[in-house]
Amino acid sequence: MQLSGRTQVVGIFGDPVAHSLSPKMQNAAIRDCALDAVYVPFHVTATQLSDAIAGLRAMGLRGVNLTIPHKEAACRLVDELDDEAALIGAINTIVNDKGYLKGYNTDGVGLLAALSAEFGFNPAQRRVLLLGAGGACRAALVAFCRAGAAWVGVANRTRERAEALVAEISPRFKGTVLAAIDLAEVEFAAEGSAATAGPVDLLVNTSSVGLHGESFRGDVTACVRKGGAVYDMVYAAAPTPLVAAARSRGLAAADGLGMLAGQGEVAFRLWFGRPPREKLMLQSLTDGSPE
């Protein structure tokens, strides 16, 4: 990679960010497309986010991805939100057009593509439970509602946050029943599906639980019907505790690599005006080669 004064710089803001595989897949796509560009991880804390986004303009970065914990706060720091991002209330991608910053959310597209590829899962008329109520959850919730899910539950440690999210989104999607649930009810339900008023077809972890190898306090997979699936947005070199627990019950399960690649492909196109080669990003994450 030859860097020069004309090299376009893109990257990712997060806390933590050292674990991120986005640089590996984005730089693989940049090389494959022979672009004069580079993708760099930036460790940005919540208190630094405003200055960091202002720095996009000052330093002329082409754009960035945003990960935990910045997806919601960043909405207030850009000049414009695209329609999907405005509805979701969270962004994971910023495009810098000569100092004008526009925010996008590519998480929902990436999630649905990954679920289709991993499980052949179509959300229409299905029951889905989401763990967490942050920026990633917001994108997933909107995506499932748009896709015609029959019921979507949001289970969060702070139930009030789940209730606020459900109250905000439910008026916009009359065809989907939404429910706010205390996460503890899912973790310690006396019967597997008691907290969700029946078994669910799909369980999705949108929270950061598992990022450092930690587990939920109880068996959250007990609410998933036989033949159902579990998707963990967290990814790791070994199966996450949630994925391992799901597989031990005979459920189909996958981590977040497919979603990471799917949302990354959309972000790449927003920055560079062209898509990466199909499946190249996912292949770069699974081929075992160094970054």
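Start with helix H4 (107-119): in this predicted model, H4 gives the second largest pocket the largest share of its lining, 6 residues.

Now show the pocket itself. The volume of the second largest pocket is about 310 Å³. Its lining has 14 residues, and Ala113, Ala117, Gly262, Glu265 and Leu282 are the closest to the centre. Colour the lining by class: 7 residues are nonpolar, 3 polar and 4 charged.

Next, move to the largest pocket. Its volume is about 810 Å³. Select Thr67, Ile68, Lys71, Ala136 and Thr206; of the 39 lining residues, these lie nearest the centre. Strand S3 (63-66), helix H5 (135-146) and helix H9 (257-272) each give two or more residues to this lining. By class, the largest pocket is lined by 18 nonpolar, 16 polar and 5 charged residues.

The largest nonpolar core has 35 residues. Select Leu130, Leu141, Phe144 and Tyr231, which have the most contacts inside this core. H5 gives the most to the core, with 8 residues.

Zoom in on Phe144. Leaving out residues up to four places away in sequence, Phe144 touches Leu111, Leu112 and Leu115, along with Phe121, Pro123, Val128 and Leu130. Ala149, Val152, Leu202 and Val204 complete the list of residues that Phe144 touches.

Another core lies apart from the largest one. This other core has 23 residues, and Cys33, Ala37, Ala267 and Met281 are among them.

Finish with the rings. The structure holds 5 aromatic pairs. Select Phe119 and Tyr231: this pair is edge-to-face, 6.4 Å centre to centre, with 85° between the planes. Phe119 lies in helix H4 and Tyr231 in strand S11 (residues 224-232), so the pair ties together parts that are 112 residues apart in sequence. Check the exposure of each partner. Phe119 is partly exposed, at 23% relative accessible area, whereas Tyr231 is buried, at 0%.

Then select Trp271 and Phe272. They form an edge-to-face pair, 6.3 Å centre to centre, with 75° between the planes. Trp271 is buried, with a relative accessible area of 2%. Phe272 also counts as buried, at 15% relative accessibility.

How values were computed. Residues numbered from 1 in each chain as written. Predicted model: local features only at pLDDT ≥ 70, side-chain atom pairs only at ≥ 80, totals over all residues. Heavy atoms only, no water. 1 Å grid on protein atoms, 1.4 Å probe; cavity = no way out; pocket = protein on both sides within 12 Å on 5 of 7 lines; lining within 4 Å. Points joined across faces, edges and corners; volume = space filled by probe spheres on them. Helix = DSSP H or I, 4+ residues; strand = E, 2+ residues; numbered from the N terminus. Nonpolar A, V, L, I, M, F, W, Y, C, P; charged D, E, K, R; others polar. Core = buried A, V, L, I, M, F, W, Y, C linked by side-chain atoms within 4.5 Å. Buried < 20%, exposed > 50% of the residue type's maximum accessible area, 1.4 Å probe, protein only. Contact = heavy atoms within 4.5 Å. Phe/Tyr/Trp six-rings, centres within 6.5 Å; stacked < 30°, edge-to-face > 60°.
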